[in-house]
Amino acid sequence: MRLSLRRLNRATLARQLLLERHPLPVTDAVRRLVALQAQEPASPYLALWNRLRGFRPDDLADAFRDYAVVKAPLMRITLHAVAAEDRAEFHRAMTPTLRAAGLNDRRFRDSGLSDADADALVPHLLAFAVRPRRRAEIEAALTEHLGREQPPGVWRALRSVAPLVHAASDEPWSFGRTPVFVAAPDAHEAASSPRGDAVDAAATGGEPREAAAPDDATAAAARLAWRYLAAFGPATKQDFAQFALLRQSEVGPAFAVLAGRLVVREGPGGARLYDVPDAPLPEDDAPAPPRLLGMWDNVLLAYKDRARVIPPAYRPRVIRRNGDVLPTVLVDGHVAGVWRAVDGAVEVTAFEKLSDDAWDGIEREARGLLALIAGRDDAVYGRYGHWWSRIEGARVRVVGRA
């Protein structure tokens, strides 16, 4: 059976909790979704609001504060919010990419330090960052330890290599624009243990495993691939490579580890799609209510071929040349426009003519969104407003105003 593009859309929406809101605790939801893009502090909150019934922002704030959910650079070398128990394994999976980003950077090479020198600095950095530290404090500590001032490339490299996370604060979305760093809660345990902790199979998509050795990036990448397919599949190897930003030479061995455990399906144009057994695969007529997604929502970025969610003609309107991914409006499961908060309401720029029923659904979502941001950040994503002068839309409508 060949899967249609629309059926792939419904599979993605079902696994990403976007066909209906679910009554899940926030940490369980984050684990099920694998990771929430957190480049903008508000985005994890909007991601969960779109997906969870009765979502309370304070629950996510508490999870960040208690380090049950942590924020760190992981997939695509981009900040993601992940369940704390997943961080170490995801970091192992991303080791080739993260090390290349930091240690191959010209600014690090110009420092005169070697890869081994950087690795030797990590224990000192973790000891210093046992409590939250700002960048300036860390750089001063590195200068004192090495006996000479270091160029910014050293800190950039260590930030990628070392198991650091961002420390939550009392900001409206838990994090401000100036990050504060702290050693990951699992950092010292991982460093002292020859093997990582096992993860309960039922909580991670049904695949039992032995914990990967700390330096076994291939085994960790295979585990991440399984989790990815459970949350975003069916998908190609190229889709997974895009989601994680791993090279095909790293993706191939990871999928080889999973050989015989995955279901292989045929997609549009004969594409070879991989999936985990017994994952949701709704029919293509499953109803999909409107949603107002935040910036950089992973449902828009998790594929090489994004046509299952973003019509190709709309992709350049949503994903700007500098990489900004605007807040989007989903109608019938597909991107149909963008939105922004303006003067106590939501301004929707639709790329196509929408039905009255669709507008009614958008109106309801807008009211919920405004309740979420009220008193917290009424102009959420406001600093990206310059893009709207360059967006062509079929219809602009203001919704949600009381």
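Select α3 (43-51) first: with five residues, α3 gives the most to the lining of the largest cavity. A cavity is here a set of points on a 1 Å grid over the protein atoms alone where a 1.4 Å probe fits but cannot get out, and lining residues have an atom within 4 Å of a point. Helices (H or I, at least four residues) and strands (E, at least two) are DSSP runs, numbered from the N terminus. The model is predicted: local features need pLDDT of at least 70 and side-chain atom pairs pLDDT 80 or more, while totals for chains, interfaces and linings use all residues. Residues are numbered from 1 along each chain as its sequence is written, and side-chain values use heavy atoms, without hydrogens and water.

Next, display Leu36, Gln37, Ala47, Asp297 and Asn298, the closest to the cavity centre of the 15 lining residues. The volume is about 80 Å³, taken as the space filled by probe spheres set on the points, which are joined across faces, edges and corners. The lining comprises eight nonpolar, five polar and two charged residues; Ala, Val, Leu, Ile, Met, Phe, Trp, Tyr, Cys and Pro count as nonpolar, Asp, Glu, Lys and Arg as charged, and the others, Gly among them, as polar.

Where is the second largest cavity lined? Select Ala72, Pro73, Leu74, Arg87, His91, Arg159, Ala162, Pro163 and Leu164. β2 (69-73) and α5 (84-93) each give two or more residues to this lining. The second largest cavity has a volume of about 30 Å³.

Now turn to the open sheet, with its five strands in the order β9-β10-β11-β12-β13 and antiparallel pairing; two strands pair if DSSP finds at least two bridges between them. Its edge strands, β9 (291-293) and β13 (395-399), each pair on one side only.

Start at β9, which three bridges join to β10, and find leucine 293 opposite threonine 328 in β10. Then select β10 (residues 328-331): Thr328 and Leu330 on one side and Val329 and Val331 on the other are all buried, that is, under 20% relative accessible area (1.4 Å probe, protein chains only).

Continue to β11 (residues 334-342), joined to β10 by four bridges. Two residues lie between β10 and β11 in their hairpin, and aspartate 332 in the turn has a positive phi of about 55 degrees.

Finish with β12 (residues 345-350), which pairs with β13 over five bridges; valine 348 stands opposite arginine 397 in β13.

How values were computed:
1 Å grid on protein atoms, 1.4 Å probe; cavity = no way out; pocket = protein on both sides within 12 Å on 5 of 7 lines; lining within 4 Å. Buried < 20%, exposed > 50% of the residue type's maximum accessible area, 1.4 Å probe, protein only.
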